[in-house]
Amino acid sequence: MTAKEYLSQAQKIDHEINNMLEQVENLRSMATKTTAIISDMPGNATRNTTQLSDIVVKLVEQEEEINKDIQRLVKLRAEIYSVIQGVRDRDERVVLELRYMGYRTWHDISLKLGMGERQVYRLHDRGLKDVTVPCQ
């Protein structure tokens, strides 16, 4: 995996985390909407209770799995940030942070740093050469 591919994971990770957080919220919403049906008709009361508890158990299991994935993705994002911090040149490091952690466009980076886009590209290229990709 190249340095650029490795660093580019951060944005994908953020999208995945946001999607997973939405799933957790949906699961919680479903759990609060799930209720036992109460009726004046005679029937097996334990059946509804069992169905409700089965649903809650499944929701809790899914929520736990999503939380594990989120923890894994957050850890990888922190690792990527740490790798960027390992770049020695401050300007190169700032360009990499803005690009791969802040998801800024080249134009935005050049405006923020007060330099031309070509200079930003040069800093980016030099910064990528200084990135040490951890063994996967």
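Start by selecting S110 and showing what surrounds it. Leaving aside residues up to four places away in sequence, S110 touches M115, G116, E117 and V120, where a contact means heavy atoms within 4.5 Å. S110 is part of helix α4 and is buried, with a relative accessible area of 6%. Here buried means under 20% relative accessible area, exposed means over 50%, and partly exposed is in between, using a 1.4 Å probe and protein chains only.

A quick word on what you're looking at: this is a predicted model, so local features need pLDDT of at least 70 and side-chain atom pairs count only at pLDDT 80 or more, while totals for chains, interfaces and linings use all residues. Residues are numbered from 1 along each chain as its sequence is written, and side-chain values use heavy atoms, with hydrogens and water left out.

Next, select W106 and Y121. The structure holds one aromatic pair, and this is the one: the ring centres are 5.3 Å apart and the planes sit at 75°, so the pair is edge-to-face. Rings of Phe, Tyr and Trp (its six-membered ring) pair if their centres lie within 6.5 Å; planes under 30 degrees apart count as stacked, over 60 as edge-to-face, and the rest as tilted. W106 belongs to helix α4 (residues 106–113) and Y121 to helix α5 (residues 117–130), so the pair ties together parts that are 15 residues apart in sequence. Buried or partly exposed: which is W106? W106 is buried, at 18% relative accessible area, while Y121 is partly exposed at 35%.

The charged end of R99 sits over the W106 ring, 4.0 Å from its centre. That label applies if NZ of Lys or CZ of Arg is within 6 Å of the ring centre and within 35 degrees of the ring normal.

Now jump to helix α1, residues 3–33. Its 31 residues reach 46 Å from first C-alpha to last, close to the 45 Å expected at 1.5 Å a residue; the expected span is 1.5 Å times one less than the number of residues. Colour the buried residues of α1, including Y6, L7, I13, I17 and L27.

Finally, zoom out. The protein chain has five helices and zero strands; helices (H or I, at least four residues) and strands (E, at least two) are DSSP runs, numbered from the N terminus. Of its 136 residues, 29% count as buried.
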